[in-house]
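Dear colleague,

Please find below the structure that I am handing over to you. My notes on it follow directly after.

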Amino acid sequence: MTQKLVVIGAGMASGRAIEHLVETAPDAYEITLFGTEPRGNYNRIMLSPVLSGEKTYEEIVTHDADWYATHGVTCRFGETVTGIDRARKVVLSAGGETPYDKLLIASGSNPFIIPMPGHDLDGVLAYRDLDDTYAMMKAAEKPGAKAVVIGGGLLGLEAAAGLKMRGMDVTVVHLMGHLMERQLDEAAGYLLRKELVGRGINVLCSSNSKEILGEDGKVRALLLDNGTELPCDILVMAVGIRPNTALAKEAELAVGRGIHVDDQMVTSDPDILSVGECVEHDGAIFGLVAPLYDQAKIVAKTLLGEAAAFAPKQTSTKLKVTGVDLFSAGDFAEGDDREDIVFRDPARGVYKRLVLQDNRIIGAVMYGDTADGNWFFGLMKDGTDVSDMRETLIFGPAYQGGAAADPMAAVAALPADAEICGCNGVCKGQIVEAIQGGATTLEDVRAQTKASGSCGTCTGLVEQVLAVTLGDDFVLPTAKPVCTCTDLTHEDVRRLIKSQELKSQPAVWQELGWTTPNGCHVCRPAINFYLLADWPLEYQDDPQSRFVNERNHANIQKDGTYSVVPRMWGGITTAAELRAIADAADKYNVPTVKVTGGQRIDLLGVKKEDLPRMWADLNAAGMVSGHAYTKGLRTVKTCVGTDHCRFGTQDSTGLGIKLEKRLWGSWTPHKVKMAVSGCPRNCAESTCKDVGIICVDSGYEVGVAGAAGMDLKETEALAKATTEQEAIDMTVAFVQLYRENARYLDRPYKWVDKVGLDWVKARVVDDVENRMALVARFDLSQTVYQKDPWAERADAKTQRAWSALADLTLEAAE
Amino acid sequence: MSWIDIGSIDDVPVRGARVVKTAQGCVAVFRTAADEVFAMSDTCPHKAGPLSEGIVHGHKVTCPLHNWVFSLETGEAQGADDGRVPTYPVRIDAGRILLDGAELAKRTAA
Ligand code: SRM
Ligand SMILES: Cc1cc2nc3c(=O)[nH]c(=O)nc-3n(C[C@H](O)[C@H](O)[C@H](O)COP(=O)(O)OP(=O)(O)OC[C@H]3O[C@@H](n4cnc5c(N)ncnc54)[C@H](O)[C@@H]3O)c2cc1C
Ligand code: SF4
Ligand code: FES
């Protein structure tokens, strides 16, 4: 006897299930198909090509009216099922009651709409069905129309790319640090972003939406929580989906995140089955069609009384944006028992990463060249032991025995106009020309182009250009790389960050061919410094790439406590400040109070969780952090000078204070200490500082590159300044030149030794225009970084972050 | 196992750590770039440096005091250094970090 099957939802999963049913047993069921959308089943995943104009709706229809008629399916399209009466076995809809013997719920998902203010304005769209797609296409017809897409996942990016192709001005706002973070690692996310930005799409990561602004009931702009307003005619929200479980819940079926089904796709009611994105199977919910097609097969078999069980398989992802080649599958988190094989070809914009565990591939991410994606995916699904092909695995099936990764790829990838030698403004093209014209050694190139002839820090790069151009005819001298993550030296990395305009950590990892996913404790602090020094406005400082002291804004000590040193400008303090320091010492039980070698007071032995409160107390008394813990300006020691001393020639105390107020807060390759003495008796010990000034009757003798730590060295004379302002400008310019050029952890005396004092003088003393340009760049950086870290952290949030996450002392004792 | 909710994943910085105080000393809870969590004793076997203050790279942490590197998974010191930090079962459920109280209690028993 034919039974009645009612199907709720004419989507991709039910479409497949019905196909299996009618093909295997055309007469088993009398099928009634309800669908909210006023049309039959179409290939939902192809909506993106429809949006971009590469396909039409007609081309993506999977079941047309003929098909339903031929197979005797009664279609109730445009009719939403509003209730299920399980006792009487009928479903309710506008057309009345429809009885069933078996019911199949295939209601899919609902797009999640963030309930922020303005979410119900006209022009706020989801991206789920044909109507959404048409609404977007309509909006794009208006010339100059703007769209904002919230969500940088699969759907959001397909929407953004499609709208861009239709001529809209598109901005993507993404909460996380990189795009498609669930499918891609940082490196692939970086490349994807670069591609989209290259197409003119504005991409904002780490950005939080606050409110949708409207006008006359229509969306006008999106407001971010940093205050930025993004004007738009439509706003597409693509932030995720939620299984559509409303009907099932109301009918009191077992529902968790989705409708609970067993391996046979049967719900908690034996006559009701469910399939597709609305189900939850064994704790998992689904968002891609591959597993849904498997479910459809199982549900059809179950309906026909055949034994079958659904077993989820791994899925892989591709982004359907023409010209973007991206592939992701499996688990690509790092692990100790896991091994990464990373291949980067900066020249072609290729990144491939395989994650291996027990000689089997468990994850793969690739960008730029995904031809081998399915081969890897196959090896992964089959759990193939790859020990034998390991060496060449990353090159794919065609390449067994292929080339090894090229350590010079980063230099090979540079365009001809990339500047190699900053001192003499020589770009790669000129060097290549010289080599093609017969230069075969570093000296030849230097003689002909001047490249590497000045400070010499680009020597490594010039040699690499020689090697790349001459091939085997040039033997590359081995320079010491930054660490085992790269073959490049610090100097190479600094130059490349500038000439390739690399402005983020992932950009450095990818474009310079790093062999680890995110560096190590040796390279990360250095790269973080280079990026913030070169791109103060664009790069965002990363505390997690800093050593403990700079992250916690205090010096860690051998027992894990910290020290607190307030700034005493030029060594000057007041009774009120000393009182506040004494009060803080009492209040926080400071075991040791010490006068430092840098003319200020150190409060040693403070507990981490007390730091923010102590800072707030000292802030309240007008004091700021002394940065006694940074690679940055420490102290400017002074003597009493003309104010009191009978030998003083200039206001050494005043100049010291001015310098300290100008320079504090700036980050430098290593720490920087200064001193100003009022006369050559040199009571402030200026002659062993990074910058030391000695006042004389006729002006100021500015010395640089002294040392009094592990090495002992007298300063060298940089110049004599006639005015105080000139002395300040030279000092600031010297520090900026040091910030822009020195390698991380070189004190100024080591750096000057490498580049030569004459080179420094040419830039800071002789060329006044260049001096002022250095000063201007320093001041620009200070607009971002001259902030008292104490004041910035004297809040409840830091108080929490600086305290224990949880206190289980009671629990664990039980 | 007895899972104790110690806080939200958002409370731990990416590539960073926070400590949980226990009667037997601090336990460091780490979060990696890929949003996984690991828990181990906060005390470095070398000279008791607070591991939660180290730089987290990959599945490793570098001690802030003298740069020994430890695996977050096994607690084993890497490279030439010799030592092991006790690790504890920890997991994430719906954005909450759960630490195994039973294992913590064993710490005193052992
Ligand atoms: C507090 C102080 C000693 C004192 O009680 O006087 C001090 C304490 C430390 N010094 Fe110093 N130095 C202090 C003045 C000096 C001086 C003298 C000066 O500044 O006039 C020098 C020699 C000049 C110089 O800078 O080279 C000095 C040369 C060093 C060095 C060697 C640097 C070098 O390049 O050779 C280090 C190690 C390093 O930085 O890598 C160091 C490192 C340290 C550290 C930060 C060790 C560390 O990394 O943990 C000490 C922190 C102790 C703590 O727990 O707070 N300290 N240190 C002085 C703080 C000055 C201030 O007010 O900020
Ligand atoms: C733009 C876009 C691109 C995508 N790209 C990909 C991709 O590249 N790869 C991939 O694997 N997946 C992709 N997906 C996801 C894929 O489309 C879904 O996984 C799949 O469509 C889910 O099938 P389903 O049958 O469960 O739900 P649906 O296809 O959504 O069907 C459910 C249907 O049920 C209807 N319905 C709901 N409630 C009722 C009710 N009470 N009464 C009547 N009808 C109701 C709905 O209107 C809907 O038509 C994409 C999705 C979108 C939106
Ligand atoms: S000299 Fe400086 S680094 Fe050495 S023990 Fe004294 S304070 Fe510490
Ligand atoms: S205390 Fe950890 S390395 Fe020394």
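A:Arg546 is a buried residue, with a relative accessibility of 6% (buried means under 20% relative accessible area, exposed over 50%, and partly exposed in between, with a 1.4 Å probe and protein chains only). Before I continue, please note that this is a predicted model, in which local features need pLDDT of at least 70 and side-chain atom pairs count only at pLDDT 80 or more, while totals for chains, interfaces and linings use all residues. Residues are numbered from 1 along each chain as its sequence is written, chains are lettered from A and ligands numbered from 1 in the order in which they are written, and side-chain values use heavy atoms, with hydrogens and water left out.

To return to A:Arg546, its place is the loop between α17 (523-534) and α18 (548-552) of chain A. Helices (H or I, at least four residues) and strands (E, at least two) are DSSP runs, numbered from the N terminus. The side chain of A:Arg546 makes a polar contact of 2.5 Å with that of A:Glu550 and another of 3.1 Å with that of A:Asp541. A polar contact is a pair of N or O atoms within 3.5 Å; within protein, one must be able to donate a hydrogen and the other to accept it, and residues adjacent in sequence count only if both atoms are side-chain atoms. Leaving aside neighbours within four places in sequence, A:Arg546 is in contact (heavy atoms within 4.5 Å) with residues including A:Asn528, A:Trp667 and, from the other chain letter, B:Ile55.

Leaving aside neighbours within four places in sequence, A:Glu79 is in contact with A:Phe34, A:Gly35, A:Thr36, A:Ser93, A:Ala94 and A:Gly95.

A:Glu491, in helix α15 (residues 490-499) of chain A, is likewise buried, at 16% relative accessibility. Not counting residues up to four places away in sequence, A:Glu491 touches A:Thr457, A:Arg743 and A:Lys754.

Next, the ligand site. Which residues are closest to ligand 2? They are A:Glu37, A:Arg128, A:Glu277, A:Val289 and A:Lys320, from a shell of 29 residues (a residue is near a molecule or strand if one of its heavy atoms lies within 4 Å of it). By class, this shell has 12 nonpolar, 10 polar and 7 charged residues. Here Ala, Val, Leu, Ile, Met, Phe, Trp, Tyr, Cys and Pro count as nonpolar, Asp, Glu, Lys and Arg as charged, and the others, Gly among them, as polar. A polar side-chain atom of A:Glu37 lies 2.8 Å from an oxygen atom of ligand 2, and a polar side-chain atom of A:Arg44 lies 2.8 Å from an oxygen atom of the ligand. An N or O atom in the side chain of A:Asn244 is 3.4 Å from a nitrogen atom of ligand 2. On its own, ligand 2 has 1,000 Å² of accessible area, of which the protein covers 91% (areas come from the Shrake-Rupley method with a 1.4 Å probe; for residues, only the protein chains shown count as cover). The elements that give two or more residues to the shell are α1 (12-24), α6 (154-165) and α9 (289-303) of chain A.

I now turn to the strands. In chain A, 5 strands form an open sheet with parallel pairing, in the order β9-β16-β10-β11-β12. Two strands pair if DSSP finds at least two bridges between them. β9 (124-125) and β12 (202-204) of chain A each have a single partner strand and stand at the edges, so one side of each is left without a neighbour in the sheet. The pairing of β9(A) with β16 (residues 234-237) of chain A is parallel and has 2 bridges; within it, A:Val124 stands opposite A:Leu235.

Strand β31 (residues 601-606) of chain A is mostly covered, with 6 of its 6 residues buried. β31(A) runs antiparallel to β29 (residues 562-564) of chain A, to which 3 bridges join it, and A:Tyr562 has A:Val606 as its bridge partner. With β30 (residues 592-595) of chain A, β31(A) pairs in the antiparallel sense over 4 bridges, and A:Val593 stands opposite A:Leu603. The hairpin of β30(A) and β31(A) has 5 residues between the strands, and in it A:Gln599 takes a positive phi near 65 degrees.

Two further residues have a positive phi. Phi of A:Lys89 is near 55 degrees; this residue lies in the loop between β4 and β5 (90-93) of chain A and is partly exposed, at 26% relative accessible area. Phi of A:Asp216 is near 50 degrees; A:Asp216 lies in the loop between β13 (209-215) and β14 (218-224) of chain A and counts as exposed, at 79% relative accessibility.

With kind regards
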